Amino acid sequence: AYAAANQLEMRLDVTSAFLNGVLTEPVWTALPPGMDKVYPGKALYCRKALYGFKNSPKIWFDTISDVFKANGYEACMGDSCLFISKGKCLILLYVDDALCVGSTSDLDDVVAFMKVAFNTKDLGSGSSFLNIAITRNHTEDTITMSQAEYIKNVGADFVPVDHHIKIRSCPMDKGIVLNTQSKALPADNQYAKADWVFGLPSHLH
């Protein structure tokens, strides 16, 4: 809503994020398969965090937080994954995905200092984030988010290609007002009889 109302741009970045985390304590790991025969009795000393380490997410978050703070960003009190600059540029971080919202000049600055600190790829205007499709309408100042494609892909993992997916309505009327006096649906209602709900087999939801 903030981005739409203020005509701000949105971008995504950062590749192989966890590999940028610097370890603060000694970590050793076993040799890859086959290497143990070449170097029997040896182990690898890790200089940087790797995907799969239990503390990799924490190390990465601490590392990138320091970069943000060094460039004038502060973590939001209500959400420590949201960083805000004095110029009202926003950076939302979720593990190794980042969504930046701000003016064109602000975002150029973000990409610049991120490229200095990490192997960062500017993916341009944000079209999706965490499997949520983002559609922008600058004329009407609106941003529409949808998970339709994601739901379709999830359904395809469980339903045979040649099997037609039956779509069922959500068991709730539009504009309904719920209260403590509302009555439960009868046991034989149309929704209870549905074999498929939201495109997935009933035994999976």
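Let's start with a helix pair: α3 and α4 are oblique to each other. One caution before the details: this is a predicted model.

Now the geometry. Two packed helices are described by the angle between their axes and the distance between the axes. Here α3 covers residues 56-70 and α4 covers residues 104-117. They pack at an angle of about 135 degrees. Roughly antiparallel would need an angle over 145 degrees, and roughly perpendicular runs from 65 to 115, so the pair counts as oblique. The axes are 11 Å apart. The crossing of α3 past α4 is right-handed.

Which residues of α3 and α4 meet? From α3, take I64, V67 and F68. From α4, take F113, M114 and A117. By class, that contact has six nonpolar residues, no polar ones and no charged ones.

Step back to the chain for a moment. The protein chain has 205 residues, and 28% of them count as buried. Its secondary structure comes to five helices and twelve strands. Take the contacts between residues at least 6 apart in sequence: 57% of them join residues at least 24 apart.

Back to α3. This helix has 15 residues. From first C-alpha to last, α3 reaches 21 Å, close to the 21 Å expected at 1.5 Å a residue. Which residues of α3 are buried? They are S56, I59, W60, T63, I64, S65, V67 and F68. Look at the spacing in general terms. An α-helix has 3.6 residues a turn, so residues three or four places apart point the same way. What covers the buried residues of α3? The cover includes the strands β4 (73-75), β5 (82-85) and β6 (90-94), along with helix α4.

After α3 comes G72, with a positive phi near 90 degrees. G72 also turns up among the contacts of S85. S85 lies in strand β5. Leaving out residues up to four places away in sequence, S85 touches G72 and Y73. The relative accessible area of S85 is 13%, so S85 is buried.

Next, α4. The helix has 14 residues, which should span 20 Å at 1.5 Å a residue. Its end C-alpha atoms are 20 Å apart, so the two agree. The buried residues in α4 are L107, V110, V111, F113 and M114.

Now move to F118, in the loop between α4 and β8 (128-129). Is F118 buried or exposed? It counts as buried, because its relative accessibility is 7% and the cut-off is under 20%. What does F118 contact, beyond its neighbours within four places in sequence? The partners are N20, W60, T63, I64 and V67. Take V67 as the example. F118 and V67 are 51 residues apart in sequence, yet 9.7 Å apart in space, C-alpha to C-alpha.

Last stop: L50. It sits in the loop between β3 (44-45) and α3. With a relative accessible area of 37%, L50 is partly exposed. Setting aside neighbours within four places in sequence, L50 is in contact with L19 and S56. L50 and L23 are 27 residues apart in sequence, and their C-alpha atoms are 9.6 Å apart in space.

Keep the oblique packing of α3 and α4 in mind, and their contact with six nonpolar residues. Thanks, and over to you.

Definitions and conventions
Residues numbered from 1 in each chain as written. Predicted model: local features only at pLDDT ≥ 70, side-chain atom pairs only at ≥ 80, totals over all residues. Heavy atoms only, no water. Axes fitted to C-alpha atoms, helices over the stretch in contact; angles between N-to-C directions. Helix = DSSP H or I, 4+ residues; strand = E, 2+ residues; numbered from the N terminus. Parallel < 35°, antiparallel > 145°, perpendicular 65-115°, else oblique. Left-handed = near helix turned anticlockwise from the far one by under 90°. Contact = heavy atoms within 4.5 Å. Nonpolar A, V, L, I, M, F, W, Y, C, P; charged D, E, K, R; others polar. Buried < 20%, exposed > 50% of the residue type's maximum accessible area, 1.4 Å probe, protein only. Expected span 1.5 Å × (residues − 1).
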